[in-house]
There are 2 protein chains.
Amino acid sequence: VVSLAKGLERESLKRMSEVVQDELPGHPVAVLTGPNLAREVLAGQPAASVVAIDDTIIATELQRIFATMRLRVYTNPDLVGCEVAGVVKNVIAIASGMAEGMGFGDNTRATLITRGLAEMSRLGVSLGGEPLTFAGLAGMGDLIATCSSRQSRNNTVGFELGKGRSIDEIVGEMHMVAEGVKSCASVLALAEAHGIDMPITEQVVEVCHHGRTVGEALTALMQRDAKPELAP
Amino acid sequence: VVSLAKGLERESLKRMSEVVQDELPGHPVAVLTGPNLAREVLAGQPAASVVAIDDTIIATELQRIFATMRLRVYTNPDLVGCEVAGVVKNVIAIASGMAEGMGFGDNTRATLITRGLAEMSRLGVSLGGEPLTFAGLAGMGDLIATCSSRQSRNNTVGFELGKGRSIDEIVGEMHMVAEGVKSCASVLALAEAHGIDMPITEQVVEVCHHGRTVGEALTALMQRDAKPELAP
């Protein structure tokens, strides 16, 4: 089974591959992920994907099946890291969209992506993922694409929030689901259960679910204590 | 001395802090870097910087001096990694600009940034840098900002190359230097001296200095053998 779903089961906080394994026991599960905005892949633009499964034979076979002249496929045995990355990136994309909606530019977005990756990595590593996965296509690659594209529904929700609109109004108008609006609360619950600090996710939850304004969220992020960059 | 210069001395291939140490012996040297497009910092937009020096007392003092309510300053003892990141990001920004000039979108750019970071990290680690620096603000943070912004001269040179114009014509029209056009050759020389594979840098050198077309460069990148993502 190749999973393309990105999320956490509510209540149980299970990853999608765990849900698949519960439902279809005995079938090996791989994850296909990476910076793959569908419209651009369909248009034949050059891109790269990651097939994640801890079985070299299956990984190599899936690589062979999916690769084309326009789509490079890399293998990665770290399924946990790839799945955590896929969930958290939608939350960070909301934050990045907010900053853009507030009128901020490339420094702010690059900073949110970078610090967002730091908190994504902290969570993923605490769950058993590999640090280097987050520096790869499933981690920063997908995060950058999602945070840069108005094709991302999560980024779009953030953008509208940044312009000062309410979450109910924005979600009420959308025809498709922006997963990050729901999954941010699950991600934060998982982080709290593992004692992981996720300040950006926390502010996204505050804005999406507790009525905090984007201005208050930004101030909360900028007023944190100064730190060494690589602090755990 | 706080160095803001990003480059390698030609011939010697020394980093800027090494040049400062040669010229001003006995003065500790720090590097200030990160996703800091000047215009946005001046406009008071939220951003973050890195002060790199392997001396906690000086680092903390510089952090205190530079930090404002709108600029978070992180410290990082890894001066080598921060400097290598600063040089290589200008080269990758040319590649990213090329892709955009050729009409490609967010997947392609995210992929180039991610794989660009992979080769930047390989070089930096081989020179003694810390892997995690490249996942931070001086590495991916600055890389993302530079590869996303038309304020970056290197990105702009790449964009014009991607549209099919010649390097001589583009450079002849610019009033300011795009460092990556020169430094790509130094970066490649350094990589070759250390046995490091830098396929994107190699193609930038081919296009900027050996008359290869952007289409040929792209084809060369996409036709490489399929690999595990985390291969050294």
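This dialogue walks through a few features of a predicted model.

Student: What is the mean pLDDT of chain A?

Tutor: Where pLDDT is low, the predicted coordinates should not be read in detail. Chain A has a mean pLDDT of 93, with 99% of its residues at 70 or more. The scores of the model are ipTM 0.87 and pTM 0.89.

Student: Which rotation superposes chain B on chain A?

Tutor: A rotation of 180°, with 0.0 Å of shift along its axis and an RMSD of 0.0 Å. That is how a two-fold axis relates two copies. In chain B, the residue closest to the rotation axis is Ala135(B), whose C-alpha lies at 3.0 Å.

Student: Which way do the residues of strand 4 of chain B point?

Tutor: In a regular strand the side chains alternate between the two faces of the sheet. In strand 4 of chain B, Leu71(B), Val73(B) and Thr75(B) point one way, while Arg72(B), Tyr74(B) and Asn76(B) point the other way. All of these residues are buried.

Student: In which sense do strand 3 and strand 4 of chain B pair?

Tutor: They pair in the parallel sense, over six bridges. Ala48(B) stands opposite Arg72(B). With helix 3 (residues 56–66) of chain B, the two strands make a right-handed β-α-β unit.

Student: Is Gln203(B) buried or exposed?

Tutor: Gln203(B), in helix 11 of chain B, has a relative accessible area of 8%, so Gln203(B) is buried. Among the residues Gln203(B) touches are Arg212(B) and Leu221(B).

Note on methods. Residues are numbered from 1 along each chain as its sequence is written. Chains are lettered from A and ligands numbered from 1 in the order in which they are written. This is a predicted model: local features need pLDDT of at least 70, side-chain atom pairs count only at pLDDT 80 or more; totals for chains, interfaces and linings use all residues. Side-chain values use heavy atoms; hydrogens and water are left out. pLDDT is the predictor's confidence in each residue, from 0 to 100. Copies are superposed by least squares on the C-alpha atoms of residues with pLDDT of at least 70 in both. Helices (H or I, at least four residues) and strands (E, at least two) are DSSP runs, numbered from the N terminus. Buried means under 20% relative accessible area, exposed over 50%, partly exposed in between (1.4 Å probe, protein chains only). Contact means heavy atoms within 4.5 Å. Two strands pair if DSSP finds at least two bridges between them. A crossover is right-handed if, with the strands pointing away from the viewer, the path from the first strand over the helix to the second runs clockwise. Lists of a residue's contacts leave out its neighbours within four places in sequence.
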